[in-house]
Amino acid sequence: MPFGHDMVHSLATVVDLINTSPATGGPDRLTDLRELGEFVERHQVSGVGELCSSDLNQVRAAREAFHKVFTAPDQATAVIRLNTLLSETRITPRLTEHDGHPLHVHYFAPGASVGEHLSADLGVALAHLLVEGEWERLRTCSAPDCDNVFVDESRNRSRVYCDSRTCGNRMHVAAYRARRRA
């Protein structure tokens with residue numbers, strides 16, 4: 001996928017945000033302000049002030065809305081779900097350079113909460129992906145015990161596991177052992 005740094009970064013951030021949810025089969029990894037702060041720092045979310053409990057609630061709500069976009073049964077439903085999320089977000093596009101990154105566009109309004117910030121920037125990244133006709137790249141892991149989401153960035157859209165080193169390797173070893181027993 002020929003996307004710029006900010007697009008790739010936003011897609012990775014939305015995937016990581018969704019995968020903090022217990023809806024993906026693991027524990028909730030966004031339960032308090034400390035975990036939210038670590039997420040913000042890990043993903044270099046700029047322009048965020050001091051975090052409060054309302055920020056945590058907004059980000060968790062955005063996380064679930066993004067999960068519904070990824071798990072939509074078809075592109076039309078994904079578009080409706082993403083439009084709903086974006087309609088609740090103040091968006092103010094502006095060019096910026098920061099933290100050593102090249103010129104790119106931020107979509108969140110000045111003074112926006114971290115929840116609005118993530119909804120705007122990550123929502124617009126997903127919108128661009130849908131506009132490019134790449135909805136099928138939004139995937140859920142095919143391993144039977146994993147519901148993590150990911151963006152398939154392979155050229156031929158053939159990726160089926162969220163991580164080839166964990167889920168992919170585990171499934172390949174299981175298939176190998178099954179063949180050996182047969």
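View 1. Helix α3 (53–70) gives the most to the lining, with four residues. Both α3 and α5 supply at least two residues each. Among the lining residues you'll find Gln 58, Ala 61, Leu 85, Glu 88, Ser 113 and Glu 116.

**View 2. The largest pocket takes in about 370 Å³ of space.** Of its 24 lining residues, the ones closest to the centre are Asp 6, His 9, Ser 10, His 106 and Asp 121. Helix α5 turns up again here, with the largest share of the lining at seven residues. At least two residues each come from α1 (5–18), β2 (104–108) and α5. Sorted by class, the lining has nine nonpolar, 13 polar and two charged residues.

**View 3. Helix α5 runs from residue 114 to residue 131.** How far apart are its end C-alpha atoms? They are 25 Å apart, which agrees with the 26 Å that 18 residues should span at 1.5 Å a residue. Of those 18 residues, 15 are buried, so α5 is largely enclosed by the rest of the structure. Just after the helix, Gly 133 takes a positive phi of about 75°.

**View 4. Arg 137 and Glu 134 pair up in a salt bridge.** Their closest N and O atoms sit 2.7 Å apart. Are the two partners buried or exposed? Arg 137 is buried, with a relative accessible area of 4%, and Glu 134 counts as buried too, at 13%.

**View 5. Asp 152 and Arg 139 form a salt bridge, with 3.0 Å between the closest N and O atoms.** Asp 152 lies in the loop between β4 (149–151) and α6, while Arg 139 is in strand β3 (residues 138–140), so the pair ties together parts that are 13 residues apart in sequence. Both residues are buried.

**View 6. Arg 34 and Glu 35 meet through their side chains in a salt bridge.** The N to O distance is 4.0 Å. Glu 35 is buried, with a relative accessible area of 17%. A search of the whole structure turns up twelve salt bridges.

**View 7. Confidence in the prediction is lowest in helix α6 (residues 164–181), with a mean of 76.** At the other end of the scale is α3, highest at 98. For the protein, the mean pLDDT is 91, and 98% of residues reach 70 or more.

Technical notes. Residues are numbered from 1 along each chain as its sequence is written. This is a predicted model: local features need pLDDT of at least 70, side-chain atom pairs count only at pLDDT 80 or more; totals for chains, interfaces and linings use all residues. Side-chain values use heavy atoms; hydrogens and water are left out. The expected span of a helix is 1.5 Å times one less than its number of residues. Buried means under 20% relative accessible area, exposed over 50%, partly exposed in between (1.4 Å probe, protein chains only). On a 1 Å grid over the protein atoms alone, a cavity is a set of points where a 1.4 Å probe fits but cannot get out, and a pocket is an open set with protein on both sides within 12 Å along at least five of seven lines; lining residues have an atom within 4 Å of a point. Grid points are joined across faces, edges and corners, and a volume is the space filled by probe spheres set on the points. Ala, Val, Leu, Ile, Met, Phe, Trp, Tyr, Cys and Pro count as nonpolar, Asp, Glu, Lys and Arg as charged, and the others, Gly among them, as polar. pLDDT is the predictor's confidence in each residue, from 0 to 100.
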